[in-house]
Amino acid sequence: TNRTFTMIKPDAVEDGHIGAILEKITSSGFKIAALKLTQMTVADAQEFYAVHSERPFYGELVEFMSRGPIVAAVLEKDNAVADFRTLIGATNPAEAADGTLRKLFAKSVGENAVHGSDSDENAAVEAAFHFAGREMF
Ligand code: ATP
């Protein structure tokens, strides 16, 4: 409904895009309900992406997502999950629409700058994975 979970991934943090990405997010009508710089351990990334454990890219994905800091955030807006997936664009930046975060900031299908939850249920699970209740507003 009105909340989603996002991560600015290690590639975009390394490239100095935190500020530009947060500016696009807030100017697109999302309010920040939780926010932090953090790093996932290998075990954290394995658990976070357990749904992809049988996919051929799982090992690469876990290594990538744990290699450096990320920005984790909870975002609030009407229709947050769907509207945020529209804002980030297709998984593969080569297929992402103009103006989307992945078109602007992603390098490849693997190192694609930003995560967005794919359902309300997953948004709640992913937010709780990264934030304590007192860190969410
Ligand atoms: P996200 O869950 O990060 O918002 P998504 O829903 O667009 O992305 P999924 O298909 O759920 O994409 O894949 C999860 C993540 O796994 C992708 O964002 C990307 O980082 C990585 N990934 C997906 N496909 C590939 C691939 N073919 N090769 C390498 N990494 C991939």
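Mentor: Gladly: strand β1 pairs with strand β3 (residues 70–76) in the antiparallel sense over 6 bridges, where two strands pair if DSSP finds at least two bridges between them. Strands here are DSSP runs of E, at least two residues, and helices are runs of H or I, at least four residues, numbered from the N terminus. Bear in mind that this is a predicted model, in which local features need pLDDT of at least 70, side-chain atom pairs count only at pLDDT 80 or more, and totals for chains, interfaces and linings use all residues. Residues are numbered from 1 along each chain as its sequence is written.

Within the pairing with β3, Met7 has Ala72 as its bridge partner. Strand β4 (residues 114–116) also pairs with β1 in the antiparallel sense, over 3 bridges, and there Thr6 is the bridge partner of Gly116.

Now look at the side chains. Arg3, Phe5 and Met7 point one way from β1, while Thr4, Thr6 and Ile8 point the other way, and all are buried. A residue is buried if 20 or more other C-beta atoms lie within 10 Å of its own, exposed if 12 or fewer, and partly exposed in between, with C-beta atoms placed from the backbone. Because 6 of the 6 residues of β1 (residues 3–8) are buried, the strand is largely enclosed by the rest of the structure.
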